[in-house]
Amino acid sequence: MKMIVAIIQPSRLDDVKEELYKVDVNLITVSEVLGHGRQKGVTEVYRGAKEMGNLLRKVRIDIAVNDNFVETAVKAIVKGAKTGETGDGKIFILALDQCIRIRTEERGGIAIG
Ligand SMILES: Nc1ncnc2c1ncn2[C@@H]1O[C@H](COP(=O)(O)OP(=O)(O)OP(=O)(O)O)[C@@H](O)[C@H]1O
Ligand SMILES: [Mg+2]
């Protein structure tokens, strides 16, 4: 199991969700976050208002998937988020030890989705 963490432009969220739904990835967590990449927020201001100093509003998407869904999910995120401009975002893939569906107490791959 893996946890996919994607930081994207807020304006790309609807497209990313649409691409994920197309490939049957339907369980996601979305948060509003602040961040900057290697341009330190400087060249990106035109894409969205500065929120705090040089930190810019971004959207974070967390998706827990079974291993065989990682590439599918990554491709969908890239398809929805990529414009080719700086600040398009980044995807991190983390090892995920366990997942537990609280209602049924199922664990592991079956609990993920
Ligand atoms: N190494 C990192 N660690 C933590 N967060 C990061 C890292 N790289 C990027 N981020 C987060 O992802 C967001 C988008 O990053 P961004 O796309 O600007 O990456 P970049 O490396 O600067 O690439 P680019 O040159 O395409 O802009 C940042 O605002 C930040 O919130
Ligand atoms: Mg950047």
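1. A polar contact, as the term is used in this note, is a pair of N or O atoms within 3.5 Å. The side chain of Lys90 meets that cut-off with ligand 1: one of its N or O atoms is 2.8 Å from an oxygen atom of the ligand. The model is a predicted one, and the distances given below are computed from it.

2. Two further contacts of this kind involve ligand 1. A polar backbone atom of Arg38 is 2.8 Å from an oxygen atom of the ligand. For Gln39 the side chain is involved, with an N or O atom 2.9 Å from a ligand oxygen. The protein buries 71% of the 600 Å² that ligand 1 exposes when taken alone.

3. Ligand 1 sits in the largest pocket.

4. On the overall fold: the protein has three helices and seven strands. Along the sequence these follow the pattern β-α-β-β-β-α-β-β-β-α. The C-alpha trace spans about 45 × 25 × 20 Å along its principal axes. The protein has 113 residues, of which 31% count as buried.

5. On charged pairs: side chains of opposite charge can pair when their charged atoms come close. The structure holds seven salt bridges. Among them is the pair Lys2 and Asp67, whose closest N and O atoms are 3.8 Å apart. Lys2 has a relative accessibility of 28% and so counts as partly exposed. Asp67 is also partly exposed, because its relative accessible area is 47%.

6. Lys79 and Glu19 form another salt bridge, at 3.8 Å from N to O. Lys79 lies in helix H2 and Glu19 in helix H1 (residues 13-22), so this bridge ties together parts that are 60 residues apart in sequence. Are the two partners buried or exposed? Lys79 counts as exposed because its relative accessibility is 58%, over the 50% cut-off. Glu19 counts as buried because its value is 13%, under the 20% cut-off. The bridge is part of a network of salt bridges that links Glu19, Lys22 and Lys79.

7. One of the remaining salt bridges joins the side chains of Glu106 and Arg101, with an N to O distance of 3.0 Å. Glu106 has a relative accessible area of 26%, so this residue is partly exposed. Arg101 is partly exposed as well, with a relative accessible area of 24%.

Conventions
Residues are numbered from 1 along each chain as its sequence is written. Chains are lettered from A and ligands numbered from 1 in the order in which they are written. This is a predicted model: local features need pLDDT of at least 70, side-chain atom pairs count only at pLDDT 80 or more; totals for chains, interfaces and linings use all residues. Side-chain values use heavy atoms; hydrogens and water are left out. A salt bridge is a side-chain nitrogen of Lys or Arg within 4 Å of a carboxyl oxygen of Asp or Glu. Buried means under 20% relative accessible area, exposed over 50%, partly exposed in between (1.4 Å probe, protein chains only). Helices (H or I, at least four residues) and strands (E, at least two) are DSSP runs, numbered from the N terminus. A polar contact is a pair of N or O atoms within 3.5 Å; within protein, one must be able to donate a hydrogen and the other to accept it, and residues adjacent in sequence count only if both atoms are side-chain atoms. Accessible areas come from the Shrake-Rupley method with a 1.4 Å probe; for residues, only the protein chains shown count as cover. On a 1 Å grid over the protein atoms alone, a cavity is a set of points where a 1.4 Å probe fits but cannot get out, and a pocket is an open set with protein on both sides within 12 Å along at least five of seven lines; lining residues have an atom within 4 Å of a point. A molecule sits in a cavity or pocket if more than half of its atoms lie within 2 Å of its grid points.
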